[in-house]
Amino acid sequence: MTDTTFLSAPAPFGVASFLAREHGLYVNGRWRPSESGRTMPSINPATGRRLSTVASGTAADVDDAVAAARAALADPAWRDINPLQRGELLHRLAELVEANADELAFIESLDNGKPVAVARAVDVGTTAKLFRYFSGWPSKFEGSTIPLSPRNGLKVLNYTVHEPIGVVGAIVPWNFPMSMAAWKLAPALATGNAVVLKPAEETCLSTLRLVELVEEAGFPPGVLNVVTGTGGVVGAAIAAHPGVDKVAFTGSTETGRAVTRAALGNMKKVSLELGGKSPHIVFPDADPVAVAAAASDGIFFNQGQTCTAGSRLYVHSDIYDDVMAALVDHARHIVVGPGQAPATQMGPLVSARQLATVKSYVESGLDQGACLATGGSRPRGLGEEHADGFFLEPTILADTTHDMKVVREEIFGPVLVAMRWTEVDDLVDKANDSPYGLAAGLWTNDLTQAHRVAGAIKAGTVWINCFNLTDPASPFGGYKQSGWGREMGRGVLEQYTETKSVWVNLT
C-alpha cells in the first residue's frame, strides 16, 4: 500500500500525482519499464511504508541506455551545437529547478527523510547553483598554444583542444540524491558528454523529477539516460560496460573499490568521491558555545549521513568540559521528526538497514568503554503514525579512545565521538591516523596556528572557523581512501574531457 500520510502536510501541487505513478526508466528520451518488468518500492523513512514504485533495471537496460548515449554523441543535435547553446541549455535547466523548487524539496524530504527546509536550501539550492555555474564554462574552457623547441630547426604550431570523453556512467548515493546527481551531470553535460545515470536505489524520486526538467529544458534524446535499480545489478553493469568511457562514482570506499576493479575491463577513466571520518579540532582559545553549535551542525546535519561529517571531535583539555556541556545541551534540544513537519531539525535515517548499522556502532562504542553523553535511543513522542520510522536521537559518545571502532570507522549517522587533546603534534598525528582524508575543521583565533595545522592535515578540504561549506567554484575531493580526483571547480572539467595535442609543421 502506498503511503499517503504526507498529504496531511501542505504538499506542493503535483507531488501527489508524481508519487502515484509507477516510475520507469528514461532511455533515449522515452520513459519505459525495465526489460524484466520488475519494480522496487521507494520507502518513506519517516513511516517505513511504501511511498512510490520505481522500475528495477537490468544489465540489458544498461545496454540500451549506453547505446542511446553513444548515438547521441554522434547526433548533430548534440555533437554540433556550439558552446553558447550548450551553456544556454544548462542555464535553462537551472531556471527550471528554481521554478520547481518547492516540489523538488518536498519529494526529496519524503524520499530521503531530511527536513523540507534543508532540502529546499541545500539540495535544491545546490542543484540550481551547479547548473548555473557550469553553464558558463562551455564557452570558456580553452585550450592552449604552446611554444616548442623542436629538433632540426622545425617551425611548429602546437595547440591543445579539449574534447568530450564520451559516455559517462554516473553512480550517485542516497544522502543528497538530486544534488549529487547534479555534481556529475553539470560538468559532464557542460563538456559535451552523454550520460547514463544510476540513482541510489533508496532515493530515486527527486532525480526522476529532475530528469523531467532536463527533458523540458530541451536536451536532445539520449544525452541523459537514467536506469534505476540495485547497485549489484545496474551499478555493476555500468562500471563494467565496454561502451562506457568514464565512470564517476560517489559512495562507500568498499563499493568504490568494486567500481574500480570493474572499470579495468576497458581501462575506462574513473573518478571517486568516497568515505570520510573527518576530524573536527577545537583549540583552547575557541568560544565553547560557538564551537558547540558548529560541532552539532557538523555531525547532525542531514542526520549525520554526510561524507564530510565532523564525526571525530578533538577538544583541548582546557575547554573540553565547557564544550561538552554546551554540545550535549544543544543536541538535546534538536527536534527530531518527519521532514515535512515545520519544527523538525533532524529527520529519520534513510532506511531500516542504515538505522541498524548506526545503532550497532553505538553499541560497539559502549562495549569498548565509551560513555553515552546523550542520545542513543529512539526519540519519544513521535506518535503511532511514525512508529515504524527510522529515527535515532542525536548521539554523543564521550571518553572515546583512538583504538575504538567508532573512532576508526565511518558510521554515517548522527553519532559524534569526542576526545581530549593537549599536545598539538600528537593531535595532528591522531587526526591523520585514518584511512580517510576527505575533510577537517579547525576552530581557533590564532591564524598562524590555524594555517600551520591546516597544512599538516591530510584532507582535501580544511575549514577554519566554519564547517560543511561547499561551492561549485571550489574543488572538492579526498586524500587516501576518500577518493580519486575532484568534483566541482574548473579542475573537474579535465576529468570529463580528453586533451588532444595538435602539431602543425610550418616549415
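Buried here means under 20% relative accessible area, exposed means over 50%, and partly exposed is anything in between, using a 1.4 Å probe and protein chains only. The model is predicted, with local features needing pLDDT of at least 70 and side-chain atom pairs counting only at pLDDT 80 or more, while totals for chains, interfaces and linings use all residues. Numbering starts from 1 along each chain as its sequence is written, and side-chain values use heavy atoms, with hydrogens and water left out.

On to the cysteines. By that scale C204 is buried, at a relative accessible area of 2%, whereas C466 is partly exposed at 24%. A search of the whole structure turns up 0 disulfides, a disulfide being a pair of cysteine sulfur atoms within 2.5 Å. For C204 the closest cysteine sulfur belongs to C307 and sits 19 Å away, too far for a bond. C466 also has its closest cysteine sulfur in C307, at 16 Å, which is again too far.

Next comes a sheet. Helices (H or I, at least four residues) and strands (E, at least two) are DSSP runs numbered from the N terminus, and two strands pair if DSSP finds at least two bridges between them. An open sheet is built from 3 strands in the order β1-β5-β4, with mixed pairing. Since β1 (22-23) and β4 (39-44) are at the edges with a single partner strand each, one side of each is left without a neighbour in the sheet. Strand β5 (residues 49-55) runs antiparallel to β4 and is joined to it by 6 bridges; in this pair, I43 stands opposite R50 of β5.

Axes are lines fitted to C-alpha atoms, for helices over the stretch in contact (heavy atoms within 4.5 Å), and angles run from 0 to 180 degrees between N-to-C directions.

Finally, there is N468, found in the loop between β19 (461-464) and β20 (479-480). With 19% relative accessibility, N468 counts as buried. Its side chain makes a polar contact with the side chain of T308 at 2.7 Å; such a contact is a pair of N or O atoms within 3.5 Å, where within protein one must be able to donate a hydrogen and the other to accept it, and residues adjacent in sequence count only if both atoms are side-chain atoms. Leaving aside residues up to four places away in sequence, N468 touches D297, G298, F301, T306, T308 and W463.
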